[in-house]
Amino acid sequence: MIDLQVQDKTHDEARQGEALILDTPIKADARKLYIESYGCAMNFADSEIVASILSETGFETTGDYHQADVIFINTCSIRENAETRVRNRLSQFGVEKRRNPKLIVGVLGCMAERLKSKFLEEERLVDVVVGPDAYRDLPNLIEQVESGHKAVNVLLSREETYADISPVRLNSNGITAFISITRGCNNMCSFCVVPFTRGRERSRDAHSIIQEAKSLFESGYREVTLLGQNVDSYTWTSEDGTETVNFAQLLAQTASIHPDLRVRFSTSHPKDITDEVLETIARYDNICNYIHLPVQSGNSRILELMNRTYTREWYINRIDAIKRIIPGCAISTDIIAGFCTETEEEHQETLSIMDYVEYDFAYNFTYSERPGTLAARKLADDIPEEVKKRRLAEILAKQQAHSLLRLQEWVGKTVRVLIEGTSKKSDQDYCGRGDSGAMAIFPAIEGVKPGEYANVFIEKCTSATLIGRIV
């Protein structure tokens, strides 16, 4: 993968398996919750909801699973290696459970529904299995386990949005935060398990979203990312039918909270992103000029097999609209190498669309067949692994060149950066992102601190990072 530093629905490898910790006073009698997350930003946001629900019943988070009374893994089924990681981790927790028989081990999220019988009955790895729409039931399920019963709730909901729950911000820098605006997905992409593991799409009450964003800003946060599997299809209608809010309107309402609250969003779908959304981004200075627009393939036949519901020409039309309405807008994408029956010529079309767009960032994978998907049922995974890997290597090499090219355009310019903290490599340097989402590193100076904006003159760059100084 190239530059996993942009926060969106895609997998940030640096965060996989991260234990989420809430900085609260330690109570001697509090039960300890250890929660580890895998997958996309939606999963990390869901872990915050889980911690919020359980904090109401007396749980505190811990970063050491040896101290835990309850261990949860929030899982992902998008890629095979995510499942392998989770299974390996469950085996490690099993060792701790043999030492402490009262320890409760549970699986949350997308793998829960699909593998519930394996986890509970065949492999006997866990005590509780909970799907992404059933987190409110966690206190009851924990009680069931404590009374000697295995517990499972993987029912999908057409209504649950957790709109009334204010997530605790785990491992937060106190500056940037996620806000979930939709749950589930109605796009039946043939390679994807999300509609089966997260259910049908439903949009969260717009008023609850705006209130959460306001509360975050008042608490010192300066950037929010609106999250959904497909944010552009967000549509909320009030119960009495007198009010309807679409995504463009929600963006505008969020941006109107305060000029210093920066707004990002992820993920957009090429079939749904409208000129109204693009014009809203252009109208508000605090909506970041950055769009994650997954293409998956540059070939129309492959896109049809993927059930993406757009063609190469439609995608290019949307790219042209972005560049016309928001000049200089950063664009990132997802690409799958070696999808079923993909020919060499079709792979070349993916490389050519990369040349046309010149993406700032890309998240690239070889095709991995997921059980239960339409592709697994109907299409042969017939591209040899060595061919997939070679095609992926060509995509990665091209993207690295494009990422460097796009970052070089910032050299010699001044970028308004939101300072997020100190650099991982040196506590003498700050790090933060500009409007485009690119990470900038620059020396810390007296009187400027994280959570503030700074004008940074960019002196040079690598293929992933801008390097400069505050002016």
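Which polar side chain has an atom 3.1 Å from the backbone nitrogen of Asn-299? The close-up views below, taken from a predicted model, begin with this residue.

**View 1. Ser-297 and the residues around it.** The side chain that supplies the polar atom, 3.1 Å from the backbone nitrogen of Asn-299, is that of Ser-297. Ser-297 is found in the loop that lies between strand β15 and helix α9, the helix formed by residues 300-305. With a relative accessible area of 1%, Ser-297 is buried. When residues up to four places away in sequence are left out of the count, Ser-297 touches Ile-302, Leu-303, Met-306 and Thr-350.

**View 2. An open sheet of three strands.** The strands follow the order β15-β16-β17, and their pairing is parallel. The edges of the sheet are formed by β15 (residues 290-292) and β17 (residues 361-366), each of which pairs on one side only. On average, and with direction ignored, neighbouring strands of this sheet are turned by 10° against each other. Strand β16, which covers residues 330-337, is joined to β17 over six bridges in the parallel sense, and Ser-332 has Phe-361 in β17 as its bridge partner. Helix α13 (residues 385-408) lies across β16 and β17, and this helix runs at about 175° to β17.

View 3. A disulfide is a covalent bond between the sulfur atoms of two cysteines.

**View 4. Salt bridges between separate elements.** A search of the whole structure finds 26 salt bridges, and two of them are described here. In one of these, the side chains of Arg-31 and Glu-146 meet with a distance of 3.1 Å from N to O. This pair links distant parts of the chain, since Arg-31 belongs to strand β2 (residues 31-37) and Glu-146 to helix α4 (residues 138-146), 115 residues apart. Arg-31 is partly exposed, with a relative accessible area of 28%. Another salt bridge brings together the side chains of Arg-324 and Asp-275, at 3.9 Å from N to O. Because Arg-324 lies in helix α10 (residues 312-325) and Asp-275 in helix α8 (residues 275-283), the pair ties together parts that are 49 residues apart in sequence. Arg-324 is exposed, with a relative accessible area of 54%, whereas Asp-275 counts as partly exposed, at 27% relative accessibility.

View 5. Lys-449 counts as partly exposed at 48% relative accessibility, and Glu-452 counts as partly exposed at 27%. Elsewhere in the model, Glu-342, Glu-344, Arg-390, Arg-391 and Glu-394 are linked in a network of salt bridges.

Terms used: Residues numbered from 1 in each chain as written. Predicted model: local features only at pLDDT ≥ 70, side-chain atom pairs only at ≥ 80, totals over all residues. Heavy atoms only, no water. Pairing = 2+ DSSP bridges. Helix = DSSP H or I, 4+ residues; strand = E, 2+ residues; numbered from the N terminus. Axes fitted to C-alpha atoms, helices over the stretch in contact; angles between N-to-C directions. Contact = heavy atoms within 4.5 Å. Buried < 20%, exposed > 50% of the residue type's maximum accessible area, 1.4 Å probe, protein only. Polar contact = N/O pair within 3.5 Å; in protein donor to acceptor, adjacent residues only side chain to side chain. Salt bridge = Lys/Arg side-chain N within 4 Å of Asp/Glu carboxyl O.
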